[in-house]
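Please read this briefing alongside the sequence and the model.

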Amino acid sequence: MSQSPGEFKPSRRDVLRPVEYLGGAAIAAIFTGAITLMVTRDLTISLIATGGVFIVVLVVLALLAMAVKPDASGSDDSDDVPPPPPSSHG
């Protein structure tokens, strides 16, 4: 199976990345919901806290993912660094 030049097939890691974000947000939300339920013993407050933490963690993870450069090999960005001023010897 050869790919045509215009065809893009994401890697398995790229495909499963949204599932990782949802899983991380769900784990944080369940942990917060369980702690809130143990402390307050009120199911309504616990469900509100669980939903709120799920949304906040998911948004934060998505924003952090957008801030990361997709090309890891481009860590040596000489284009972003201004050239040093010319030295005057004399």
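A polar contact is a pair of N or O atoms within 3.5 Å; within protein, one atom must be able to donate a hydrogen and the other to accept it, and residues adjacent in sequence count only if both atoms are side-chain atoms. The model is predicted: local features need pLDDT of at least 70, side-chain atom pairs count only at pLDDT 80 or more, and totals for chains, interfaces and linings use all residues. Residues are numbered from 1 along each chain as its sequence is written, and side-chain values use heavy atoms, with hydrogens and water left out.

**Overall**

- The chain has two helices and zero strands; helices (H or I, at least four residues) and strands (E, at least two) are DSSP runs, numbered from the N terminus.
- Of the 90 residues of the chain, 8% count as buried, where buried means under 20% relative accessible area, exposed over 50%, and partly exposed in between (1.4 Å probe, protein chains only).
- The accessible surface of the chain is about 7,800 Å², and carbon and sulfur atoms account for 68% of that surface. Accessible areas come from the Shrake-Rupley method with a 1.4 Å probe, and for residues only the protein chains shown count as cover.

- Thr36 is in helix α1 and is buried because its relative accessible area is 16%.
- A polar atom of the Thr36 side chain lies 2.7 Å from the backbone oxygen of Thr32.
- Apart from neighbours within four places in sequence, Thr36 is in contact (heavy atoms within 4.5 Å) with Arg41, Ile45, Ser46 and Ala49.
- Ser46 is in helix α2 and counts as buried, its relative accessibility being 4%.
- The side chain of Ser46 has a polar atom 2.8 Å from the backbone oxygen of Gly33.
- With neighbours within four places in sequence again set aside, Ser46 is in contact with Gly33, Thr36 and Leu37.

**Ile48**

- Ile48 belongs to helix α2, which covers residues 43-67.
- Ile48 has 61% relative accessibility and so counts as exposed.
- The C-alpha atoms of Ile48 and Gly33 are 8.3 Å apart in space, while the two residues are 15 residues apart in sequence.

**Loop residue Arg41**

- Arg41 is in the loop between α1 and α2.
- Its relative accessible area is 74%, so Arg41 is exposed.
- Arg41 is not a glycine, yet has a positive phi of about 55 degrees.
- Most residues other than glycine have a negative phi.

**Salt bridge**

- The structure holds one salt bridge, defined as a side-chain nitrogen of Lys or Arg within 4 Å of a carboxyl oxygen of Asp or Glu.
- The salt bridge joins the side chains of Arg17 and Asp14, at 3.9 Å from N to O.
- Both Arg17 and Asp14 lie in helix α1 (residues 12-40), three residues apart, which is about one turn of the helix.
- Arg17 is partly exposed at 30% relative accessibility, and Asp14 is partly exposed at 38%.

**Nonpolar patch**

- Phe31, Ile35, Met38 and Val39 form a nonpolar patch on the surface, with about 450 Å² of accessible area together.
- Patches are made of residues with over 30% relative accessible area and no salt bridge; like charges are joined within 9 Å, and nonpolar side chains (Val, Leu, Ile, Met, Phe, Trp, Tyr) within 5 Å.
- Phe31 is in helix α1 and is exposed because its relative accessible area is 57%.
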